[in-house]
Amino acid sequence: METVTAFLDKFLFWHWGIVAVALGALEMLFAGGVLMGAAVAAFLTGAAAFAVQQFPDAVPKGLRFDLPMQILGFVVLTGLFVLTMRVGRRRAAAMIRSEEH
């Protein structure tokens with residue numbers, strides 16, 4: 001357990017890039033779009049973590065962007081991408097059906 005805790009304490013912004021690339025590669029294997037949304041969310045989370053690390057004065061003093069907050073941001077962004085994709089697919093399917101009639 002200490003090994004996992006030690007790893008998570010050293011989780012840096014570029015690790016999110018690795019997660020994004022891995023999710024993008026999995027999306028190529030299992031096409032569906034969900035993993036691509038998660039890959040974009042991982043990339044954006046990493047970019048935000050990088051920005052916070054490089055410009056710490058730009059973040060309000062009470063706001064922490066540690067790993068739990070990064071994971072929360074990743075989950076929220078992934079959920080938004082998945083929801084947006086589902087709505088977009090339904091609209092596209094409805095447009096295709098309306099053009100067929």
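User: Which residues in α2 meet α3?

Analyst: In this predicted model, the α3 side of the contact comprises Val34, Leu35, Met36, Ala38, Ala39, Ala42, Phe43, Thr45, Gly46, Ala49, Phe50 and Gln53. The residues of the contact of α2 with α3 divide into 15 nonpolar, four polar and one charged. On the α2 side, the residues asked for are Phe13, Trp16, Val19, Ala20, Leu23, Gly24, Leu26 and Glu27.

User: Is α2 roughly parallel or roughly antiparallel to α3?

Analyst: Helix α2 covers residues 13-29 and helix α3 covers residues 34-54, and their axes lie 8 Å apart. The two helices pack at an angle of about 170°. Angles over 145 degrees count as roughly antiparallel. Therefore the orientation of α2 to α3 is roughly antiparallel.

User: What does α4 reach from its first C-alpha to its last?

Analyst: Helix α4 has 34 residues, for which 50 Å is expected at 1.5 Å a residue. The span in the model is close to that expectation. From first to last C-alpha, α4 reaches 49 Å.

User: With which residues is Ala41 in contact, leaving aside its neighbours within four places in sequence?

Analyst: Ala41 lies in helix α3, and it counts as buried because its relative accessibility is 0%. Ala41 and Val76 are 35 residues apart in sequence, yet their C-alpha atoms are 8.5 Å apart in space. Among the contacts of Ala41 are Phe74 and Thr78, which are themselves buried in α4.

User: Are the rings of Phe11 and Trp16 stacked or edge-to-face?

Analyst: A pair of aromatic rings is described by the distance of the centres and the angle of the planes. For Phe11 and Trp16, the centres are 5.4 Å apart and the planes stand at 80°. Planes over 60 degrees apart count as edge-to-face. The pair is therefore edge-to-face.

User: Which residues form one aromatic cluster with Phe11?

Analyst: A search of the whole structure finds three aromatic pairs. Phe11 is buried, with a relative accessible area of 18%, and Trp16 is buried at 4%. Phe74 is likewise buried, in α4. The residues that form one aromatic cluster with Phe11 are Trp16 and Phe74.

Note on methods:
Residues numbered from 1 in each chain as written. Predicted model: local features only at pLDDT ≥ 70, side-chain atom pairs only at ≥ 80, totals over all residues. Heavy atoms only, no water. Axes fitted to C-alpha atoms, helices over the stretch in contact; angles between N-to-C directions. Helix = DSSP H or I, 4+ residues; strand = E, 2+ residues; numbered from the N terminus. Parallel < 35°, antiparallel > 145°, perpendicular 65-115°, else oblique. Contact = heavy atoms within 4.5 Å. Nonpolar A, V, L, I, M, F, W, Y, C, P; charged D, E, K, R; others polar. Expected span 1.5 Å × (residues − 1). Buried < 20%, exposed > 50% of the residue type's maximum accessible area, 1.4 Å probe, protein only. Phe/Tyr/Trp six-rings, centres within 6.5 Å; stacked < 30°, edge-to-face > 60°.
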